[in-house]
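Subject: Structure for you to look at

Hello,

Here is the structure I promised to pass on. Please open it first, then read my notes below with it on screen.

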Amino acid sequence: MSERIDEQTDAAAADAREANPYAPPRAQASSGEPVATPLSERSTAWRYYVCGLLLLATTINYLDRQALANTGFLIKAELGLSNEQYGDLEFCFGVAFAVGALFFGWLADRTGVRWLYPAVLLLWSVMGYCTGLVSTFAGLLWCRTLLGLFEAGHWPCALKTTQRFLTRRERTLGNSILQSGSSVGAIITPILAWALVTDEPGSWTKLFKVVGLTGMVWIFFWLTAFRKRDFEGPPIEPIAESNDTTAERPRQSFWSVIFSARFVALLVMVFAINTCWHVFRVWMPIFLYEGRGYEKESNFIFNSAFYFATDVGCIAAGIATVWLTKRNWGVNGARLLVYTCCALCTATSVAIYWLPAGWALTAVLLTVAAGSLGLFPCYYSFSQELSIEHQGKISGVLGSFAWVTVAVLHKYNGRFIDAALKLDPAHAYDLGMMLSGLCPLLGTVGMLLLWNRGGSKEDRHGDTETRS
């Protein structure tokens, strides 16, 4: 009798997997009996509602960040800043972000994200608002530094959340939704700037104050979305697929992860994608205004179009990854193919030097935009393959590395531009943007050389089993 029941149970499970192969796997006890967990009670709709909250958090993060990029040319003129001083603002923001990524990554692993996430969002919103109260370079520098410190807490908290609540196949799409908030914020910021910033001196401060107040609403929705037990027990799926769902994965030491070949591959990738993304984010509005002669209003409008294209690229990357896995591609193989296609899009930046203001320049910049944000969900999903217990610290170390290198890059890029303006004002901004667009291809090379040298035999089986 019991054998017959087991056969019926196995047949029902097989039918369910065939009907929906992307449904979250159910935990099993050593006897093989399904075990109810707090997360197994949650619906798919609820899990994507959580992704929506993460999208809004990223949007607020970028509203605060892009407020300076969109009003930078006005602030430079009003406070009398050089390009090197403007680069210093981004340098200090980046260094503080690097420190914050390490600290909040460690804190996220130690305390969890239920209370930490709203706390860091509150702190960075306060610093965003305070930026609208300053009138000196020193005050501006302090506000941007502390903003960078607290904004760094967003990514460890967000990635631990998607790792916990989404399956492996869902994570790239979930990370796409999360990351697309950056472009939503970057689209909204120029529109807000257009509505609030006038020719009156000091009008740019209104933008920072309005943006700083938006974070308070998000905190309410986050605190009401979760139960305490949603953060108890294991995540919804292990980091690698395995035929033996009853087996417990051995606990890894943090240092064994840090010194693995896979982590080195991710260091290359995170440097490459952040160099491309942040050079365009910080310098493109000034490049259009001073390098190609766009008017202030045209600059605001094109910035919204640029970030709309980034959003399209980001969501398309997530959908493409799911589409490929449904056609028997391995999860990581699908991620790498999508990543490489995005890198080829950003490499079109090499044409910028030869393009004056016009439709051709617009087409190239929008292509770069779509590729530059599509890279990130692939990178995040690769990073979530390394460890569950150390995800916060891994995100923190990778983010810290990226921001230190990018911060130095901004400073010396600003110095280079100041020197180039004396020789060739029309193309002073071009070289940095051209080279930064080529960088993401380094990420593909790093993954091809290093990824399969790291990881366990079980992980590599998980990468390939859907192709068999």
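Start with K160, which sits in helix α6, residues 154-165. Keep in mind as you look that this is a predicted model.

Is K160 buried or exposed? K160 has a relative accessible area of 16%. The cut-off for buried is under 20%, so K160 counts as buried. Its side chain has a polar partner: K160 and D109 are joined side chain to side chain by a polar contact of 2.9 Å. D109 is also on the list of residues that K160 touches, along with A108, V113, I388, Q391 and G392. That list leaves out residues up to four places away in sequence.

Next, go to S183. You will find S183 in helix α7, which spans residues 168-196. S183 is buried as well, with a relative accessible area of 0%. Which residues does S183 touch, once those up to four places away in sequence are set aside? They are Y307, T310, D311 and L373. Take L373 as an example. S183 and L373 lie 190 residues apart in sequence, yet their C-alpha atoms are 8.2 Å apart in space.

Now step back to the whole protein. It has 18 helices and zero strands. There are 468 residues, and 55% of them count as buried.

With helices throughout your view, look at one pair. Two packed helices are described by the angle between their axes and the distance between those axes. Find α11 (residues 261-291) and α15 (residues 391-423). They pack at an angle of about 40 degrees, and their axes are 9 Å apart. The two helices are therefore oblique to each other. Their crossing is right-handed. What classes of residue make up the contact of α11 with α15? There are 17 nonpolar, seven polar and one charged residues.

Last, a loop. N328 lies between α12 (296-326) and α13 (331-346).

Best wishes

Technical notes. Residues numbered from 1 in each chain as written. Predicted model: local features only at pLDDT ≥ 70, side-chain atom pairs only at ≥ 80, totals over all residues. Heavy atoms only, no water. Axes fitted to C-alpha atoms, helices over the stretch in contact; angles between N-to-C directions. Helix = DSSP H or I, 4+ residues; strand = E, 2+ residues; numbered from the N terminus. Parallel < 35°, antiparallel > 145°, perpendicular 65-115°, else oblique. Left-handed = near helix turned anticlockwise from the far one by under 90°. Nonpolar A, V, L, I, M, F, W, Y, C, P; charged D, E, K, R; others polar. Buried < 20%, exposed > 50% of the residue type's maximum accessible area, 1.4 Å probe, protein only. Polar contact = N/O pair within 3.5 Å; in protein donor to acceptor, adjacent residues only side chain to side chain. Contact = heavy atoms within 4.5 Å.
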